[in-house]
Amino acid sequence: MDEALLYETLDGKRVRCNLCNFRCVIADGKTGICKVRINKDGKLFTLLNSYVSSWALDPIEKKPVFHFYPGSPVLSFGTWGCNFRCRGCQNYEISRINQFESDLTLESESITPDEAVKLAMEYKAKGIAWTYNEPTIWFEYTYKTAELAKKKGLYTVYVTNGSMTKEGVETIGQYLDVFRVDIKAFSQETYNRITPIFDFHKILETTVFAKEKFNIHVEVVTNIIPTINDNIDELRGLANFIRDNLGKNTPWHITRFYPYLDLSNLPPTPVETLENIRDMGLEEGLNFVYIGNVLGHPYEDTYCPKCKRRVIKRHGFQVVENHTHDGKCDFCGENLDITE
Amino acid sequence: MGLLQLRTGDKIILIIVIVSLVCGISLRILFANGSSKIVLIMVDGKLFEEIPLSVNTGHNEDILVESKEGYLSVEISNGKVRVTDSTCKDKLCIKEGEISKVGDTIICLPNRISISIIGENSNIDTVSY
Amino acid sequence: MTESVIFVERTLTSRNKKVLLVLTLIIVVFLLWFFYRSNASTTSQIYSMNTIIDIEVSGMNRQEIVSQITEEINNLNGLFDDFNPKSDISLINNKAGIISVKVSPDTIDILEKSKEMYTKTYGKFNVMVGPLMELWGFKTGDYRVPSKEQIDEVLKLTDINDLIIDKTNLTVFLKKKGERLDLGGIAKGYTLDKVYAILKENNAKKAVINMGGNVLVYSENSKETFNVGIKHPRADGIIAVLKVKSGTFIATSGDYERYFEENGKRYCHIIDPLTGYPADFLTSATAVTNEGYLGDVLSTAFFILGEEKSLVFAKDLAVGSVTVDGNLNIHYSTDLSGVITIENRG
């Protein structure tokens, strides 16, 4: 058990964890709501250490991240647990854990930060991503690994629900290159229909902070679930937020929902719904709005906002054609803000 | 010959029985301090946590209560209890304000959480609301 | 005489005396334990009927009683809950203006009582208020203050005469499309009547049932009294205490249970079916009765009527009433004089 970062001690051997915006006050012997940070005798520890539940070499497009070293392979790691409980979670086998200690040791692979970086070099990955479940609760591990990864010239990617506090971003920001964040809705009520949280504005604040303070590359993902968060007027508010606070070149991924878990009775999102939202995004001034999880759809390609030519052709997570250089359009020279 | 002519062994057993009876009763009396109040937090009808409600100033407790439906934060300070934040829609539990008397209850129906103050000394059986 | 004494002396040897002593001790301990156990109570808290229900039962058969009560509550909830699309009420509502629906005898019973109470309360209690509740947003939590025109339109859908009950065929029909039943003001009290029957059938020793603020107290000893508090409508704690006997139902309606505020005015969920607006004379109204459904209905009616009219009503129906107005003035019916204690604040 490693001692946790980002917590403060309170009286009566209680601690307040300041890693995510729940800021749990944890009594001696208890855990936070994520279930993987535990108070032992007035000190907070993480139960996750180096326990990896799953890892794989993926193209960065799978995260999805489209405007950062397109086509590059990224070695991705996931652990156990989550601080959210989204209905219909695709990765519920690793995110919803109750009995942690025995699960973690029996079914995990222990891959230390050093080993993770070595593996990335071995597999010739261009970067490391923490994904599959929520990396925020794996903070200590991802922080150490990110520090080592940067030394080796690897890039680092957080595939996150955005629940990290500003203190968390302050700490890891210097070693983090990509913040690919889920913004699931643009109202407290809709957010709570997906997962109960106190204040979704904190997710927006954290994302803006990451970009402004550390110039971290941000991409926003919204998984559209029919009848739950598909209200186009509400999503218009989100489009405006991205344009005004993150920049009109920030990629927005509108992804198709597939039924899982307690949302198994819902249908997959109609493609027309996704197309309408994507078109609305462009109307509102965003330059790059993509549709995800619809294989072969033309909206998974990148079009130059100026000359309208297709500059990157993708097939699923594969980059098939790339007509950009130094982040600019090959045809007209327009700056697309693509990092490579 | 006396009625109670007991052997040593029997005397010992008798003493043990009497002593344990006396101890048991006095322990019950000792720990039933009349003025103690307890905050009872129930989730979905089951006990979540029991916290003694002391009137000491300066001693604060924040508790994050978790249910299948969502969360709420309870603050206990200076002998008063209130809900400071909740993921429910109506936030009626927050509007309820603070409670401090035996029999008072704050209920968050959507979250299925109830916070009540119970005590030994109350003569109120229940409250109609 | 001397012979028997000698005989007793011989049989009651010191050994036998010891055995007798131990046996007596054991019997005493057993009696104490038995007495303790028979007075022990079980408490259970369940969520049903869109509210929280606290059940406390004492006596040797308390587990069985709690089981039966829980089952009955869930059973009736299955019939009356309009958030459950399969309930009798939902089915009736969905077929409004279309076709009659076959329902269970309990549904027929509660609806007949509802119609009877509409007449008795001169329309202040009306189960046809469903569309009004929806208009103000009390069904979904999307609160809004509707316009007078909207209210007048919706009032057209609250005619109790459109509720057609066929007792013989056990069917119910709502004549117009858009009409909706809402049993929120009677279901809890009605259920408490069933709970009372279960307690009596099982010879319960003692019980206190609190169904979302509707209270039933019970004791096998008809002389035993219970202290039931009335919640203070604007502060923590209670505003009064009622000392009542077994078989008493105490129901309270308050403007603090479900409400929203707009422009500094509070709009609560108790809507006057005749005006279409939430009642605002009182902050709390309590009915003390010996029938559950009656108390539930009257607490709503009293709340809407206001203090003076409630007292007249209470007298006519021979029930107890307690009202608290916006200035926290308390009025109660004369029959409660020996029963009610107003709490001192200060």
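How are α8(C) and α9(C) oriented to each other? In this predicted model, the two helices pack at an angle of about 160°; α8(C) and α9(C) are therefore roughly antiparallel, since angles over 145 degrees count as such.

**Contacts between chains**
- Chains A and C do not touch, and their nearest C-alpha atoms lie 11 Å apart.

**The contact of chain B with chain C**
- Chain B contributes 29 residues to this contact, and chain C contributes 32 residues.
- On the side of chain B that touches chain C, the elements giving two or more residues are α1 (8–31) and β8 (126–128) of chain B.
- The most is given by β8(B), with 3 residues.
- By class, this side of chain B comprises 12 nonpolar, 8 polar and 9 charged residues.
- Strand β8(B) pairs with strand β8 (residues 225–231) of chain C in the parallel sense, over 3 bridges.
- Within this pairing, Thr126(B) stands opposite Val228(C) in β8(C).

**The helix pair in chain C**
- Helix α8 spans residues 187–201 of chain C and helix α9 spans residues 292–305 of chain C, with their axes 6 Å apart.
- The crossing in which α8(C) passes α9(C) is right-handed.
- Residues making the contact include Lys188(C), Tyr190(C) and Tyr196(C) of α8(C), together with Tyr293(C), Asp296(C) and Val297(C) of α9(C).
- By class, the contact of α8(C) with α9(C) holds 6 nonpolar, 3 polar and 3 charged residues.

Terms used: Residues are numbered from 1 along each chain as its sequence is written. Chains are lettered from A and ligands numbered from 1 in the order in which they are written. This is a predicted model: local features need pLDDT of at least 70, side-chain atom pairs count only at pLDDT 80 or more; totals for chains, interfaces and linings use all residues. Two residues are in contact if their C-beta atoms, placed from the backbone, lie within 7 Å. Helices (H or I, at least four residues) and strands (E, at least two) are DSSP runs, numbered from the N terminus. Ala, Val, Leu, Ile, Met, Phe, Trp, Tyr, Cys and Pro count as nonpolar, Asp, Glu, Lys and Arg as charged, and the others, Gly among them, as polar. Two strands pair if DSSP finds at least two bridges between them. Axes are lines fitted to C-alpha atoms, for helices over the stretch in contact, and angles run from 0 to 180 degrees between N-to-C directions. Angles under 35 degrees count as roughly parallel, over 145 as roughly antiparallel, 65 to 115 as roughly perpendicular and the rest as oblique. A crossing is left-handed if the near helix is turned anticlockwise from the far one by less than a right angle, and right-handed if clockwise.
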